[in-house]
Each structure stands twice: as structure tokens, then as C-alpha cells.
Amino acid sequence: MLLAVLYIYYQIGTTDFETLLTTSLTLKEQKILWLAFFASFATKVPMVPVHIWLPEAHVEAPTAGSVILAGILLKLGTYGFIRFLFPIFPEACFYFSPLVYSIAAVGVVYTSLTAIRQTDFKRIIAYTSVAHMNLVILGLFSFNSIGLEGAILQSLSHGFVASALFAVIGVVYDRYHTRTVKYYGGLVHVMPLYIIIFLLFTMANIGLPGTGSFVGEFLILTGSYKTNTVITLIGATGMVLGGCYSLWLFNRIAYGNLKTQYISQFIDLNKREFYIFLPLIIGTLVMGVYPKIFLNPIHMSINTLLQFMYF
């Protein structure tokens, strides 16, 4: 990406963004520069096959690090696509869109299947993050206002939901110092408040109506259906698989027998932890019930971007 920026500076004589929007590069230049920018942003999203760093980073990071990584840092990839790739290299974006669509669709299915077979609590949520962010890419490259608005809304919703799920993991990790799923079970009997919050965010992760993820995913699939029906159907299987890994994880943690041979003392959420979850719960539900608050400000910017790209 840095090399591409230096090339642009060498060719045009400035890196001023307003000036770059008014200058046109040849299609060959656009393609090469697009690939350089795409490689950077795809790693940040992260898209398959450059996603391996994310589960590793989450597993090694403390809870606060995981929350910031899932809630804020992953969104820089999608921001980069919208802010730089689309306005500066519009022709290259259309040219490479079949490639991006294929990678994103494979990414959704592959990472969802990978999430199902994980045994580490954090690793499961990390792979679900990759699946959701690949779905966001499907929305972005649909190149219509429905898909793009859905992609941005899903990014925001994922910030709330994934952050909350990593905080959910942090709560039990602080108490018992293990993230291996097999050591937990039957927590609904002894930690009811914790399980209620876990259930809420599990449902949000699946995309239950009434949560922000439902609105985002619905708009993404509607937008991408207009562009490519087959890829949308492949991407939609990610929602089915999402039900598999999310509900199976919740079932293993919440129900069954208490495994007192591993954990003898159980402590439910305290006030501090509850107040950490409260704004995330409110954000998720408001986004699901009344998404207009978020969609109205997005609408004008997206229409301006599309007008710029097409005309």
C-alpha cells in the first residue's frame, strides 16, 4: 500500500485526496494500484486466505485487546475500501468484483465451518468475526445503495456484538482462567444473568430479527442478490452455519451438567460487569428495532459515492 501511495505521488505530484478524485489514472495503473491497496485492506478485514492472524491475535490478547480489535480495528479494512478504493479506482473495482465476490463467498462458508470444530472459546468467536466481515465485503462489492448501506450497518452491528461476545468470554476467563469449552457446562443453573446476556448476543450473532445484525445481513443479501444470485446463495449458507456454531457453543456452555470436577465455585455477573454490557445491549437492540437512526446519515454519503463511481 505504501509503495502504491508513493507511485501515486510520483505520477500525480500530490497525495491530496480532493485532487486525486479529480485526476484519472489509466485502467492498467488502476488495476495494479488497486491490487496493492486491496492486499492491505483484505488483510485488515480479514478476508480468506489472509485471515489466519486474527484468531491467533484474539487468543493471545487480553479481553480489552480483543474488544478493541473486534469493535474498532477490523472496521478499518471496510473503511479503506469505501474511502479509498471505490472513489480513486472505480473501474478497477468493477473489473475485480467477480474475484472479490468469489473470495468473500468462499470465506464465509470456510470460516463458518472452521468455527464449528474449534474447542477454544475465543477462537470460535474469532472465526465467526471473519465470517461476518467476509459477508460485509459481499455487500460492499454489490455496488448498489442497499448492499453498501447494509455492509456499513453490519460493520457497526458487528462492533457491538463481537465486542460483547469477547467480553462474555472475558467474564468466565477472569474467574476460571481457561477458555477450553469442555470445562464449562450447566452455567444456566448457577449464573443466570450471565447466560441471559450470553443468549442475547448469541441470537444477535445469528442475526435474529430485532437485533442490528438482522438488518445488516438482510440488506447485504438483498443488495448482493441484485448483483450475483449464485454468490448470494453461497454467502447465505453462512447464516445457516452461523446458527450451527453459535447455538452449539451456547448449548455446551449453558446446559448439561455442572462440571464440578473442573470448577467448584460459580459467581454470577457483578455490577461492574453488568454496566459494561448495558450500552452494548442497548446499541444492538436500537440498531435492530429502529435502524433509521443509523441509515439516514449513511444514505446521502453512499448515494454520493455511487454517483461518483458510475458517472
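The lining of the second largest cavity, to start there, has 6 nonpolar, 4 polar and no charged residues, where Ala, Val, Leu, Ile, Met, Phe, Trp, Tyr, Cys and Pro count as nonpolar, Asp, Glu, Lys and Arg as charged, and the others, Gly among them, as polar. This is a predicted model, in which local features need pLDDT of at least 70 and side-chain atom pairs count only at pLDDT 80 or more, while totals for chains, interfaces and linings use all residues. Residues are numbered from 1 along each chain as its sequence is written, and side-chain values use heavy atoms, with hydrogens and water left out.

A cavity here is a set of points, on a 1 Å grid over the protein atoms alone, where a 1.4 Å probe fits but cannot get out, and its lining residues have an atom within 4 Å of a point. Among the residues that line the second largest cavity are Ile124, Phe198 and Tyr245, and the elements giving two or more residues to that lining are α8, α10 and α12; helices are DSSP runs (H or I, at least four residues), numbered from the N terminus.

The volume of this second cavity is about 50 Å³, a volume being the space filled by probe spheres set on the points, which are joined across faces, edges and corners.

Turning to the largest cavity, about 100 Å³ of space lies in it, and of its 13 lining residues, His132, Leu135, Glu217, Gly238 and Met239 lie nearest its centre. Its lining divides into 6 nonpolar, 6 polar and 1 charged, and the largest share, 5 residues, comes from α12.

Notes. 1 Å grid on protein atoms, 1.4 Å probe; cavity = no way out; pocket = protein on both sides within 12 Å on 5 of 7 lines; lining within 4 Å.
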